[in-house]
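The questions below ask what grounds there are for the terms used to describe a protein chain. Each reply sets a computed value against its cut-off.

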Amino acid sequence: MNRLFAAFLVALLALPGFAQMPSAPKSVYFGIFLKESKLGHMYQETDSTARYKGKPAVKVLVRSVMNIALLGADGAITTSAVVYMDPKTGATLAEESRTEASGRVTEIKATYTVNTVSFTATVQGVVKSGTLTLKPGESFVRDPSDGPGQKPVPGTRVRGKAFSSDTQTLVDIEIVVGAKETVVVQGKAVTAYKMQTTSSIPSTSYVNEDGELLLSRVALGIEIRRLPRELALVTGKNIDLADSIGVRPSGASLEKAARTSHYAVYELGRVTRPLPPKDSVQAWEALPIAGEEKNEKTLRVIVTVLDLPTEPTVPVFAVRDAAPERLKRFLSATQFVPSDDPSFKALARRVIGSETDAAKVAQLLAEHTHKTIKPDPSILAVRTAQDIRKDPRGVCRDYTTYFTTLARAVGLPTKQCTGLAYANGMFLYHAWPEVCVGQDARGADLWVALEPTWGAPFADATHLKLTEGEITDITNIAADMGNYTIKVLEVRD
């Protein structure tokens, strides 16, 4: 979760107010808040007299300090980001960021041309690099004020691509300049232009007539508020994110059902994006609830989970092409799941031995994953399976990535799921895998949800799946964390 905010700092530099060009270096300060509790502060300096590679440039420097914990583990985080921009067009020339938490460092450096971005990422000592190229017709996002120093123009809409320092990928981004609204800044009501940014880390920001940032609302319910220096630098509290954004359910109790339940029905409210396609684990339907916001829905979600079958199931696929078309994407290698890497294929074979039954293969790999990776909530970066193998510590997404890589390496179709799971009296962000072990009596694919992070034999019915796909899809639900309402209608073993 902390890493999401670090990535947001770089994305924030694309907004108006960060591309303005004062006649001399200008410094402004912001407080960082979560539900009126102060987490830390952010400092921004804009210098229009800078140079990049010997040519005039606008340099924007942002530094932040936050005190955050997760389930009792210290997650204090410091982030710095620098962006160089063309003074005439506002186009990004280069950027770099550095994030440190619990002594672990992630550094990203990137340089731009008209249609490429080349990067070097150092994630806890592991270095990777690459070049990403825009497709024909695509462009990097530009300041919707149409150039540095211009005032916001309501109705302006800009779409393009942006480099995600968090995942080292290109992501879609849209910035819309809205009409003026009244917001409270430094205790006073002011009118400001509303800026909606839709991206992997969405935000709503408010800027003044000169395009300077006054307030921004980002993922996890965090607000960035412009403040005088002396107020911004006041030390924030060490807040546990789990307590702040976890969802405490109403309705039937889950205390005795956690880790053992096989069936549950929920009323999931304030949903703003589609849930994954229905499968043998989870089904849902929209409920007509009066008074709902247009972009929010209430869903009735039914979760039906199974133990891994003890009777013989189906063999894993010897090669990906032997699988039916609908399952091939769940056997594919990706940037974070290098299941085609010979070393992972060899490792998975050592773990499963001569076993080929899908259910037994899944059990062996889940047990291996749980024993191999040690829990460490201070791990911030979204890591590849290679990175995890070199440093086998992490959180739920690391367990899921590692397991998925091994499973796909030996022909076991596997989904990466992210959503909410019940722990410590509330629903928290979580990730887990699902594996396909054959078909049910109706001929539908039979998926079983696993829990290698907690070492349970299956992911119980207190797991609500919000996305499935790449592990980087965590950013798709980040903005909604803490906003959901959950009522437990029924739960049983």
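Q: What share of the residues of the chain count as buried?
A: In this predicted model, 56% of the 493 residues count as buried. The cut-off is a relative accessible area under 20%. The chain exposes about 20800 Å², and carbon and sulfur atoms supply 52% of that area.

Q: How many helices and strands are there in the chain?
A: The chain has nine helices and 28 strands. Residues 24 or more positions apart account for 60% of its contacts with a separation of 6 or more.

Q: Why is the pair Lys128 and Asp387 called a salt bridge?
A: The term requires a side-chain nitrogen of Lys or Arg within 4 Å of a carboxyl oxygen of Asp or Glu. The closest N and O atoms of Lys128 and Asp387 are 2.8 Å apart, so the pair meets the cut-off. The structure holds 28 salt bridges.

Q: Why do Asp398 and Arg383 count as a salt bridge?
A: Their side chains meet at 3.3 Å, N to O. The limit is 4 Å, so the term applies. The pair links distant parts of the chain, with Asp398 in helix 8 (residues 396-409) and Arg383 in the loop between strand 22 (374-375) and helix 7, 15 residues apart. Asp398 and Arg383 are both buried.

Q: Which residues does the network that includes Glu468 and Lys415 join?
A: The closest N and O atoms of Glu468 and Lys415 are 3.4 Å apart, which is within 4 Å, so this pair is a salt bridge. Glu468 is in strand 27 (residues 463-468) and Lys415 in strand 24 (residues 414-423), 53 residues apart. Salt bridges that share partners join Asp279, Lys415, Glu434, Lys465 and Glu468 into one network. Glu468 and Lys415 are both buried.

Q: How do you know that strand 14 and strand 15 pair?
A: Pairing needs at least two bridges. Strand 14 (residues 203-207) and strand 15 have four, in the antiparallel sense, so they pair. Val207 stands opposite Leu213 in strand 15. Five residues lie between the strands of this hairpin, where Gly211 takes a positive phi near 80°.

Q: Why is strand 15 also said to pair with strand 16?
A: Three bridges join strand 15 to strand 16 (residues 222-227), and at least two are needed, so the strands pair. They run antiparallel, and Leu215 stands opposite Arg225 in strand 16. This hairpin has four residues between the strands, and Leu220 takes a positive phi near 70°. As for cover, four of the five residues of strand 15 (residues 213-217) are buried.

Q: What makes strand 18 and strand 20 edge strands?
A: Five strands form an open sheet in the order 18-28-19-21-20, with mixed pairing. Strand 18 (250-251) and strand 20 (282-287) each pair on one side only. Strand 20 pairs with strand 21 (residues 297-304) in the antiparallel sense over six bridges. The bridge partner of Trp284 is Val301 in strand 21.

Note on methods:
Residues are numbered from 1 along each chain as its sequence is written. Side-chain values use heavy atoms; hydrogens and water are left out. Buried means under 20% relative accessible area, exposed over 50%, partly exposed in between (1.4 Å probe, protein chains only). Contact means heavy atoms within 4.5 Å. Accessible areas come from the Shrake-Rupley method with a 1.4 Å probe; for residues, only the protein chains shown count as cover.
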